Amino acid sequence: MTQVARLLRSEWTKFRTVPGWVRAVVAAALMIVLFPLTGLGGGAPEQRSQVPIGPDGAPVSDAFFFVHRPLSGDGSITAAVTAPSSTSPWAKAGLIVSAGGEPGARYAAIMMTAAHGVRMQHDYLHDRAATAGSWLRLTRSGDTVTGEVSVDGSSWSKVDSVRLAGLPSTVQVGLFVACPPLVDGIGTAGNTATATFSDPRLAGAWPAVDWTGDQRGAGTATFAGYPSGTSGGFTTSGDGFTVTGAGDLGPAPRNEVPVGATAADLLFGTFPALVVIVVVATQMITTEFRTRLIRTTFSAGPHRVRLLAAKAVVLAGVTFTLCLAATVIAVPLWLRVVRGLGITVFPATDGTLLRAEAGTAALLAITAVFALAVGTVLRRSATAVTAVVVAIVLPHLLARTPFLPPPMAEWLATFTPAASLAVQQTLTRYPQVDSVYTPATGYYPLPPWAGLAVLCTYTTLTFVLAAVLLRRRDA
């Protein structure tokens, strides 16, 4: 134990007595604090105002064609609904209770979908599957809305009951159709859906007014998701309605928010910091080989593997400590700045943000050990730095290229050390929304800690190789 402590103290003394290394690690930490806005798009103010914010504080999609009447107090609506005719799997047609016409208003809806059966959804983020059936019912009782499904319109199965806090006494209730844009792996294209409804059965305090149809949640038909030259509408007959609509009700994925920020954007300084840390880490060993100081080091401590481990512990400890302090400062600081600029922020819990902060510091510390091991194997600073940058930074930059085929981008973000950047991810991939979920839009194929584990695996294997070569080679 005394010998280990002596090695650690010796390596710490070497590190802190080289001013260039100390300044470089401090500069890397400052880059994390000062660089975030480099990764954010400015965006015009009118773009920012187009993104509705839902009750949970998340950006949402809020566009659908709505055939409605006011309901004062409690009541219910029942109708037989056909599955929407559309090539979009999440095209939806059903019954909805809406708190108001403003973007991001609370709602609860029960619906038929084109390819995912009967669902009950509310407040954009929440989705529940139901048993099959062609009859749907929504019942409002105070702030609670209950959805039911039936095969024959007489025997009913409850799907869910949800509470919409603050629901006004008079709400708009009726029929709706929405159709998310088609996803082709690179972008999206407009689409519409059509569904038929039986003549609705109404119970409760419904004022004697006619049904009204309008497009909700979209300033223009293009923004709602209609193909060029088309729009929504409805027709009536003696036994019901035919409704055509576009748009979606649900969480807005990153690629649909013109100007948005996540924790990864607020930690954009990770990239320049990573390069600086790699340079310092490789020089900690390659400088000793170049100047032949390594012979003196080996004479003082003949256990070469312990010596390498001591360098790794000192380097990782300094890097993690300084970078953790930087991330803990950067994230809340820039969250306030971007919100003040009117930029949409994808929400994340305090625990998720802490994971991104600590994970980023761990990523940089592990990368430093990886670079130290590569430097030990290659013994040349320039070659080692290039190898580490090519292994970590280049795959990530390629994966973030919008024009790279999604399967290739996901492969790079799964099997290369760049998978570790998943530790910064705070976006949620919602199953009820088909979208472009790739690293280019901020979504990684691996969970955060699994991505970091990929880097740990590469680092462990390289460190073992470095230890073997260090024992066998001459100084």
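Predicted model: local features only at pLDDT ≥ 70, side-chain atom pairs only at ≥ 80, totals over all residues.
Is the crossing of α8 and α9 left-handed or right-handed?

**Colour by confidence**

Colour the chain by pLDDT. The average over the chain is 88, and 91% of the residues score at least 70. Now select residues 41-49, where the pLDDT is below 50. Beyond near neighbours in sequence, this stretch has 13 contacts in the model.

**Helices α8 and α9**

Select residues 304-340 for helix α8 and residues 350-378 for helix α9. Their axes are 8 Å apart, and the two helices pack at an angle of about 150°. An angle over 145 degrees counts as roughly antiparallel, and α8 and α9 are therefore roughly antiparallel to each other. Here is the reply to the opening question: the crossing of α8 and α9 is right-handed.

**Helix α2 and its partners**

The angle between α2 and α8 is about 20°, with the axes 8 Å apart. Angles under 35 degrees count as roughly parallel, so α2 and α8 are roughly parallel to each other. Show side chains to see who makes the contact: on the α2 side, Val 25, Val 26, Ala 29, Ile 32, Val 33 and Leu 34. On the α8 side, look for residues including Val 318, Leu 322, Cys 323, Ala 326 and Trp 334. The crossing of α2 past α8 is right-handed.

As for handedness, α2 passes α6 in a left-handed crossing. From α2, the residues that meet α6 are Trp 21, Ala 24, Val 25, Ala 28, Met 31 and Ile 32. Their partners in α6 include Thr 270, Pro 272, Val 276, Val 280 and Met 284.

**A stop in strand β9**

Now go to Thr 146, in strand β9 (residues 144-150). Is Thr 146 buried or exposed? Its relative accessibility is 18%, so Thr 146 counts as buried. Draw a distance from its side chain to that of Ser 161: the two make a polar contact at 2.7 Å. Leaving aside neighbours within four places in sequence, Thr 146 is also in contact with others, among them Met 120, Arg 137, Leu 138 and Asp 160.

**Two loops and a strand**

Select Ala 132, in the loop between β7 (126-129) and β8 (135-141). With 64% relative accessibility, Ala 132 counts as exposed. Beyond its neighbours within four places in sequence, Ala 132 is in contact with Val 149 and Val 151. From here, find Met 31 again: Ala 132 and Met 31 are 55 Å apart in space, C-alpha to C-alpha, and 101 residues apart in sequence.

Another loop, between β18 (240-245) and β19 (249-251), holds Ala 246. Ala 246 has a relative accessible area of 0% and is buried. Draw a line from its C-alpha to that of Glu 357 and you will read 39 Å, for residues 111 apart in sequence.

Finish at Val 183 in strand β12 (residues 182-183). At 32% relative accessibility, Val 183 counts as partly exposed. Val 97 is 86 residues from Val 183 in sequence, and their C-alpha atoms are 28 Å apart.

Definitions and conventions:
Residues numbered from 1 in each chain as written. Heavy atoms only, no water. pLDDT = per-residue confidence, 0-100. Contact = heavy atoms within 4.5 Å. Helix = DSSP H or I, 4+ residues; strand = E, 2+ residues; numbered from the N terminus. Buried < 20%, exposed > 50% of the residue type's maximum accessible area, 1.4 Å probe, protein only. Polar contact = N/O pair within 3.5 Å; in protein donor to acceptor, adjacent residues only side chain to side chain. Axes fitted to C-alpha atoms, helices over the stretch in contact; angles between N-to-C directions. Parallel < 35°, antiparallel > 145°, perpendicular 65-115°, else oblique. Left-handed = near helix turned anticlockwise from the far one by under 90°.
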